[in-house]
Amino acid sequence: MKKLPINMRTATLLVVLLPLLLAFGYVVTNSGPLAPTPVTVMTVEKQSITPALFGIGTVEARYRYRVGPTMTGRLLSLNRDVGDRVIAGEILGEMDPIDMDDRVTANKAAIKRATASIAAAEAHVNDLAARTEYSGAQAKRYQQLTIDRNASTEAAEAKNQEYRVAKAGLAVAIATLNVAQQELEMLQAEHEGLLQQRSNLRLVAPVEGVITSRHIEPGSTAMAGQTILEIIDPKSIWINVRFNQLQSNELIKGLPATIVLRSRSNQPASGTVARIELLADPVTEEMLAKVVFEQLPEPSPPIGELTEVTVLLPQLDAAPVVPNASIKQLDGQSGVWRVEGDRLQFTPIETGISDLDGRVQITKGLEVGDQVVVYSKQALTARSRITTVDSLVGSGS
Amino acid sequence: MKEHTGIFIEGMRKRYGEGDTAVDALKDVNMRVMPGEVIGLIGPSGSGKSTLLKCLGAVVEPTAGRMTLGNKVIYDNGWLIKDLRALRRDNIGFVFQAPYLIPFLDVTDNVALLPMLAGRSNAESRKRAVELLEALDVAHRAKAMPSQLSGGEQQRVAIARALVNQPPVILADEPTAPLDSQRALSVIRILNQMAQQYQTAIIVVTHDEKIIPTFKRIYHIRDGGTHEEVGEGKDLE
Amino acid sequence: MISLAARDVLHTWGKFVFTGVGLGLLIGVTLTMAGVYRGMVDDAKVLLNNSGADMWVVQKNTLGPYAEPSSIHDDLYRSILSMPGVARAANVTYLTMQVQQGERDVRAMVVGIIPDGPGEPGYLLAGRQITRSHYEAVADIATGFELGQTIRIRRHNYTVVGLTRRMVSSGGDPMVFIPLRDAQEAQFLKDNDAIINERSRTAANPAFSRPEVLDAIISSQSSNPFVNAILVQIKPGFTAEKVAEPIQRWQKLQVYTRDQMEEILVAKLIATSSKQIGMFLVILAIVSAAIVAFIIYTLTMGKIREIAVLKLIGTRNRTIAGMIMQQAVGLGLIGFVVGKVSATIWAPMFPKYVLLESGDALRGFIAIVIICILASLLAIRAALNVDPAEAIGG
């Protein structure tokens, strides 16, 4: 009796159909509404965290000197270029004096002329003084003669008149002499002024430093106040950092900082907070601070390079801590999903300080030992069914 | 053992079409087959042979006449039985030119299907089937599928199926046509055995020269009419 | 009575299962298409849910920030904060752009958020939320980014500090969250060549030839005081409509509640695409039905001889009809199982989210069973019309 063919057929059929039914069963229970949500869970522990502040800064020079003419003119010559080191008082260049020298010459000539005018006026005064003296003596004499009846009253009057005329003329001459003297003073003062201006045409380095930019070339016109050269002191480089206002109430002078230059991202440098600016930026809502390098990196970083600055605040005492991935918002409250048995419970919490790695202190709402959901595959509700796994990534989605 | 009275036809007529274009496939057929008899039905094609078979098999309604099957009048110028299918199932066995076994049932179930259709339990049906298979000497293939049997074995299974419900009549349509003379005679021998054993009336439609000599009685059919002839009745051995 | 349907299936099980698998793949495609449609609508909903907002404040007369560009000043949020019923209000920017990681770049929606504000992703798969005010990013896992990787957006590098899931734009692009200031700069400042070009154009303008003026203009051109929207969360006890009304009236801004936003996104933004997919789904379902019917009909027609014999030997019509229908429904069941399993297997491989809803699967199941029954009716009718006399040769 050949029983085999049928049994084998049934067996092969089962071998084909059974995995299909198992796959179907798997699919039904593991996807769709029947499937539980995978989550990872952690236990709340006391940890001591080190909060830090993070900001972006630019490298700046503490002092920046702009050298330029005080008067509009044409740049005559420039001796130094970008990158040159200069010493205080060094002459860097010169504006074109144009008619300045001629004006000095004119002024000198005017002074000479004024001196000559004074001499003439003095001579005139002397002359008139002599005449006045003479007519004064004459008037006196005729007065005497009138008394003696040797001369007519008319004649005495006439001599008196001559005397008065001579005196007036003398006054005029003295006044003219004064004018000439004032003019000389004025021209002399002008002379001083012209000499000052002449020296201003020279561009002088105010401090020792390095030239960072050269804006105008010789031959071009520069306006009064325009910058021709910029100089900085390379040793006075610091970083102008912007911190988000929300976090920075702990920022004080003297805190240690880590500086990462954009061009040297794997060579962090250390520094300190040198100054907190009193003026914050209301538009960008940032606080400004200045951070100095402990040791200036070699070679010097260029001005304007971006840096990332992290200021470490003092370490805090140990307190219950959760990762910020656990914190959710529900109905206007901050809280976490606590695991009780296999149910979820939304627990409102109050948070304290957090650090830059996302660890947040809990001031109210949780105790050490509470189990809290950290990561989940989808949004959770109080009715969600969960299954705890070790990790949600690396195992497929 | 049931008591049969065989099959009895009087004045059967079958007309196709109406009016001028009407054709009488059967004009006036009379036939009588007793239980235990194996008779031959011989006729050329177009003689109405197939029509007669279809009327005998209750698949076609005759136009007029009278037909008695078993001990019931089943047709008298109109079917007297409502459920022809049940009639066929319980009273007529068919053996065709080709075995026409159900390919997806094994040999036993092919035969057991009929009693199951009649309402018998599966166990009893299978028991009966096996009995018949044994009688036809094909029981050793009881669990095989029809495609695994030889032509002769399949034919024997078909005969078993025709017999399993112990119908009063078996209609065999050219059962030996594809077989060689030895096997053909073997089939006829079996039919005779079964007819005797179960007292069934068997009508064999054939034009196979090899087996015609074995019939004791033969009906010739021509142009829709039959006439009887006594056959040679040669012994089968 | 034995089951003819079962015996027939067992006998030609290979063909049957093969047909069932083929049918199943077709059904799987149809289910997947329905999933694509649902995924599109879900993308839109998820965008709204994940933003964590109860209200959106955008530029007046725009449908922004998702359906239309919207631009408002970044200091407006202060006045919104002071309005009654507002619990939290924060600026947010959205920009779809290419984000580079190593050699490849990924199309993502870059979202500028205030760390610890309403726009933050609601849940993470790994890592942490953004704590620093610059150069950190939280990425959706569909971007392919991993924790700790460096990605480049415009001119800055960002470190991926957190991973999340299902944070997508309405177009299905995965989101990358970065601090607001960086996003404002990214939205505004183009690449270096463009900036230099802009500067030289400004410098060429004779009106700006005074030195200090030129610097001042260039520096004002380089800052971006605009954001796309303000996300608002309202205090419990207030309704969105009540809080929205004064804002809309006094601040001359447009305010949308959650329901209004949903309508904008679903009815306006994705309407055309969803209609497109919906139509295709209908055609696919009809074609699937037709193919199922055809397959069942053909299977039946291949059994005509057996059916004739069965009828001749006395099988009830009812039994024959039952055999055909059982086979049809069995085929449908195999098809459904194969379809559901294969859809579940290949759905995650699609670039956009495919949401296979159980409701859709159930509906699909019922539809398949009905189609199979109807298709079998067609075949049954043909089978029952078979003349048993066919079995008796002519």
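A residue is buried if 20 or more other C-beta atoms lie within 10 Å of its own, exposed if 12 or fewer, and partly exposed in between, with C-beta atoms placed from the backbone.

## About the model

This is a predicted model, in which local features need pLDDT of at least 70, side-chain atom pairs count only at pLDDT 80 or more, and totals for chains, interfaces and linings use all residues. Residues are numbered from 1 along each chain as its sequence is written, while chains are lettered from A and ligands numbered from 1 in the order in which they are written.

## Around I218(C)

I218(C) sits in helix α6 (residues 211-221) of chain C. Helices (H or I, at least four residues) and strands (E, at least two) are DSSP runs, numbered from the N terminus.

Which residues does I218(C) touch, leaving aside its neighbours within four places in sequence? They are R199(C) and T202(C). Two residues are in contact if their C-beta atoms, placed from the backbone, lie within 7 Å. R199(C) is 19 residues from I218(C) along the chain, and their C-alpha atoms are separated by 6.6 Å.

## Chains A and B

Chain A has 3 helices and 24 strands. Of its 397 residues, 23% count as buried. Take the contacts in chain A with a separation of 6 or more: residues 24 or more positions apart account for 73% of them.

Chain B has 6 helices and 10 strands. Of its 237 residues, 50% count as buried. Among contacts in chain B with a separation of 6 or more, 69% join residues 24 or more positions apart.

## Where the chains meet

Chain A puts 34 residues in contact with 33 residues of chain C. On the chain A side, α1 (4-30), β3 (52-61), β18 (328-330) and β23 (371-376) each give two or more residues. The largest share, 8 residues, comes from α1(A). This side of chain A divides into 16 nonpolar, 13 polar and 5 charged residues. Here Ala, Val, Leu, Ile, Met, Phe, Trp, Tyr, Cys and Pro count as nonpolar, Asp, Glu, Lys and Arg as charged, and the others, Gly among them, as polar.

How many residues does chain B bring to its contact with chain C? Chain B brings 24 residues, and chain C brings 18 residues. In chain B, α1 (49-56), α2 (84-91) and α3 (107-117) each supply at least two residues of this side. The chain B side holds 14 nonpolar, 4 polar and 6 charged residues.

## Helices of chain C

Helix α12 (residues 358-384) of chain C has 27 residues. From first C-alpha to last, α12(C) reaches 38 Å, close to the 39 Å expected at 1.5 Å a residue. The expected span is 1.5 Å times one less than the number of residues. The buried residues of α12(C) include A361(C), G364(C), I368(C) and I371(C). The buried residues of α12(C) pack against α2 (13-51), α9 (271-301), α10 (304-313) and α11 (317-346) of chain C.

Two of these partners, α2(C) and α9(C), pack at an angle of about 165°, with their axes 10 Å apart. That makes α2(C) roughly antiparallel to α9(C). Angles under 35 degrees count as roughly parallel, over 145 as roughly antiparallel, 65 to 115 as roughly perpendicular and the rest as oblique. Axes are lines fitted to C-alpha atoms, for helices over the stretch in contact, and angles run from 0 to 180 degrees between N-to-C directions. Residues in this contact include L23(C) and M33(C) of α2(C), and I277(C) and L284(C) of α9(C). By class, the contact has 18 nonpolar, 6 polar and no charged residues.

## Backbone details

The peptide bond from E298(A) to P299(A) is cis, with omega near -10°. P299(A) lies in the loop between β15 (286-293) and β16 (306-312) of chain A.

E174(B) has phi near 45°, a positive value in a residue other than glycine. E174(B) lies in the loop between β7 (169-173) and α6 (181-198) of chain B. E174(B) is partly exposed, because 17 other C-beta atoms lie within 10 Å.

R154(C) has phi near 55°, a positive value in a residue other than glycine. R154(C) lies in the loop between β7 (150-153) and β8 (156-164) of chain C. Why does R154(C) count as buried? R154(C) counts as buried because it has 20 C-beta neighbours inside 10 Å.
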